[in-house]
Amino acid sequence: MNPNQNASTPAAWFAIGIWAVLSLGWIASDKMVPDGDEQGHIGAAELFLSDLGSSNPLGFMHRLWWEQMGEYPQAFTAGVGLWWWLMDGGQPGRASVRGICLLSLVIAAIAVGRITRRYTTNDTRDFAQATSTVLVLCIPLANGVTRHFMPEGALLAAVAVTLLMAHRFVEHPTLWRGIHLGVFIGLGLLTKQTFILMVALPLGWLLTRLRTQHLLSLGTVFLAAALVAGPWLAHNSTDQLTYGLSSWSGHGDANLFEHLAYYPITTLSLGLGPFLAIAGIVALVQLLRAHDKRVLILGATWLLGGIILLTLVPKKYPRLMTPLLPAAIIWISVAI
């Protein structure tokens, strides 16, 4: 069976449906007041809502592809503003509005499932895909982040889909697949700057599998990414450089060991939780003995590589590592 042509299995869709009902019920009953960061994202989304509500689509596009509205690019808040407008405005805390954030985890789960099946045999692909999809929906930190208006939820989907598009492109390099990959790279760059830290190593490893005669096709990828993200990045390069330098400056009085241990400990506790953390470690040990090391390398570059790159940044927040966690799910599903 061709892994590129298979949709999610019925069991996976059933699990997604159950998860969606429970999650929507959760946010419908949750009346927690958003914190400062979340309020800022809601405020930015409201400006996009205002553009669409006043029939000013050019203003919407100007904010998205040109204007600096804060420290981050605007793909996430533009998407929320568009959805908010489609839901006819109202309070952002409504489940019908806030529920758009849940879509990120669903997209990531489907994408990770389709990546997983590429690393299993024909007779186990459907099972591995369904297992992976369900387990992604069970990641504790991902569930927490996607119940709030935070860009790390959208980044979770952007990273997973980008790596899925990279697999498709490497398997069969074509013009359209190159454009698809480039577009998602561009959207990821417009979601948050840390996107590049999440995909740099696994994407680089995947692209090294391209045959020499297909290397020129990478130009399509870079061109599509530049067309999507280039205008905003070029126009706001000075402000982004200032933001980047401030992020790399020291924060707090943590010692070297605390900096090095922060993300590994947080991954095992807050990120994956005890059950998935133990399963991930067992899976890692099993995969170390396997003859085919491809899935081991994918997870190492995605999860461990991402942790190393994030560790180099003095600012540390648990939510930043959310897009890295699905790599452990791929290990678990393939090992099973």
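**Ring contacts, cysteines and a helix crossing**

The charged end of Arg319 is placed over the ring of Tyr317, at 4.7 Å from the ring centre. The model described here is predicted. A further contact of this kind involves Trp26, whose ring has the charged end of Arg147 sitting over it, 4.0 Å from the centre.

Contacts between rings were examined next. The structure contains 2 aromatic pairs. Phe48 is buried, its relative accessible area being 0%. Phe60 is likewise classed as buried, because its relative accessibility of 9% falls under the 20% limit.

Tyr262 and Tyr263 also form a pair: the ring centres are 5.0 Å apart and the planes stand at 85°, so the arrangement is edge-to-face. The assignment follows because planes over 60 degrees apart count as edge-to-face. Tyr262 is partly exposed, at 24% relative accessibility, whereas Tyr263 is buried, at 0%.

The cysteines were considered with regard to disulfide bonding. The count of disulfides in the model is 0. For Cys101, the closest cysteine sulfur is that of Cys138, and the distance of 20 Å is too far for a bond. A disulfide would require the two sulfur atoms to lie within 2.5 Å. Cys138 accordingly takes part in no disulfide, the nearest cysteine sulfur being that of Cys101, 20 Å away. Cys101 is buried, with a relative accessible area of 4%, while Cys138 is partly exposed, with a value of 45%.

At the level of secondary structure, helix H11 (residues 195-207) and helix H16 (residues 294-311) pass one another with their axes coming within 8 Å and crossing at roughly 150°. Angles over 145 degrees count as roughly antiparallel, so H11 is roughly antiparallel to H16. The crossing of H11 past H16 is right-handed.

Definitions and conventions. Residues are numbered from 1 along each chain as its sequence is written. This is a predicted model: local features need pLDDT of at least 70, side-chain atom pairs count only at pLDDT 80 or more; totals for chains, interfaces and linings use all residues. Side-chain values use heavy atoms; hydrogens and water are left out. Rings of Phe, Tyr and Trp (its six-membered ring) pair if their centres lie within 6.5 Å; planes under 30 degrees apart count as stacked, over 60 as edge-to-face and the rest as tilted. Buried means under 20% relative accessible area, exposed over 50%, partly exposed in between (1.4 Å probe, protein chains only). A charge sits over a ring if NZ of Lys or CZ of Arg is within 6 Å of the ring centre and within 35 degrees of the ring normal. Axes are lines fitted to C-alpha atoms, for helices over the stretch in contact, and angles run from 0 to 180 degrees between N-to-C directions. Helices (H or I, at least four residues) and strands (E, at least two) are DSSP runs, numbered from the N terminus. Angles under 35 degrees count as roughly parallel, over 145 as roughly antiparallel, 65 to 115 as roughly perpendicular and the rest as oblique. A crossing is left-handed if the near helix is turned anticlockwise from the far one by less than a right angle, and right-handed if clockwise.
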